[in-house]
Amino acid sequence: MLIEPGKYRTAVDESFRFLTLNHALLSYVSALGAHRSRIDDETTHQLVLESHRIIHQHLEALHSQLYNHCEDFNIALTNSDLEERLSEWREEDDRSVRMVLQQLHLIYRMIPELHSLAAKFAARVEHKTS
């Protein structure tokens with residue numbers, strides 16, 4: 001992208017940041033895949049399921065934002081309750097459970113910036129087509 005003529009280069013900084021965040025997201029997901037152990041604690045299991053549901057909704061919304069060039073999205077960006085619960089892993093939790101919660105927390109924390117960048121991309125496309 002950086003070697004393209006200037007008139008074709010748009011949102012270079014935002015694109016690089018989006019790429020960086022996507023690489024980090026892939027790393028977090030890979031770490032989750034490497035630790036596939038059974039979670040016996042029902043409360044923790046439900047937290048993982050809820051986190052998956054909410055993260056999945058945000059990723060679907062990001063897809064829609066990017067594909068439809070939409071600046072707005074309908075999913076609330078913050079669920080401080082979820083973020084707080086993900087960030088409070090317990091010392092008595094085994095190492096695998098702590099790692100899963102940490103990775104989910106890292107993924108959840110990057111979502112607002114991904115939405116913000118997607119909105120910027122949509123605004124640039126809208127500006128070009130108007």
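Mentor: Let's begin with a pocket. The residues lining the largest pocket divide into five nonpolar, three polar and two charged. Here Ala, Val, Leu, Ile, Met, Phe, Trp, Tyr, Cys and Pro count as nonpolar, Asp, Glu, Lys and Arg as charged, and the others, Gly among them, as polar. Before we go on: this is a predicted model, where local features need pLDDT of at least 70 and side-chain atom pairs pLDDT 80 or more, while totals for chains, interfaces and linings use all residues. Residues are numbered from 1 along each chain as its sequence is written, and side-chain values use heavy atoms, with hydrogens and water left out.

Trainee: Which residues line the largest pocket?

Mentor: A pocket is an open set of points on a 1 Å grid over the protein atoms alone where a 1.4 Å probe fits, with protein on both sides within 12 Å along at least five of seven lines; lining residues have an atom within 4 Å of a point. In this model the lining is made of L32, H35, R36, S37, R38, I39, H45, V48, L49 and V100. Helix α2, residues 42-68, gives the most to that lining, with three residues.

Trainee: How much space lies in the largest pocket?

Mentor: About 180 Å³, where the volume is the space filled by probe spheres set on the points, joined across faces, edges and corners.

Trainee: How many helices and strands does the protein chain have?

Mentor: Four helices and zero strands, read as DSSP runs (helices H or I, at least four residues; strands E, at least two) numbered from the N terminus. The order of elements is therefore α-α-α-α from the N terminus on.

Trainee: What does S37, another lining residue, join by its side chain?

Mentor: The side chains of S37 and S96 are joined by a polar contact of 2.8 Å. S96 lies in helix α4 and counts as buried at 16% relative accessibility. Leaving aside neighbours within four places in sequence, S96 is in contact with H35 and S37, where contact means heavy atoms within 4.5 Å.

Trainee: Which residues does Q103 touch?

Mentor: Q103, also found in helix α4, touches Y28, A31 and L32, not counting residues up to four places away in sequence. Q103 is buried, with a relative accessible area of 11%.

Trainee: Where does S51 lie, and what does its side chain reach?

Mentor: S51 lies in helix α2, and its side chain reaches the backbone oxygen of L47 at 2.7 Å. With a relative accessible area of 0%, S51 is buried. Beyond its neighbours within four places in sequence, S51 is in contact with L82, L86 and L104. E50 is in helix α2 too, but E50 counts as partly exposed, at 21% relative accessibility.

Trainee: How many aromatic pairs does the count come to?

Mentor: A pair of aromatic rings is described by the distance of the centres and the angle of the planes. Rings of Phe, Tyr and Trp (its six-membered ring) pair if their centres lie within 6.5 Å; planes under 30 degrees apart count as stacked, over 60 as edge-to-face and the rest as tilted. The count here is one aromatic pair. F18 and F121 form this edge-to-face pair, at 5.5 Å centre to centre and 75° between the planes. F18 lies in helix α1 (residues 12-34) and F121 in helix α4 (residues 95-129), so the pair ties together parts that are 103 residues apart in sequence. Both F18 and F121 are buried.

Trainee: And what about the whole chain?

Mentor: Of its 130 residues, 30% count as buried. Among contacts between residues at least 6 apart in sequence, 76% join residues at least 24 apart.

Note on methods:
Buried < 20%, exposed > 50% of the residue type's maximum accessible area, 1.4 Å probe, protein only. Polar contact = N/O pair within 3.5 Å; in protein donor to acceptor, adjacent residues only side chain to side chain.
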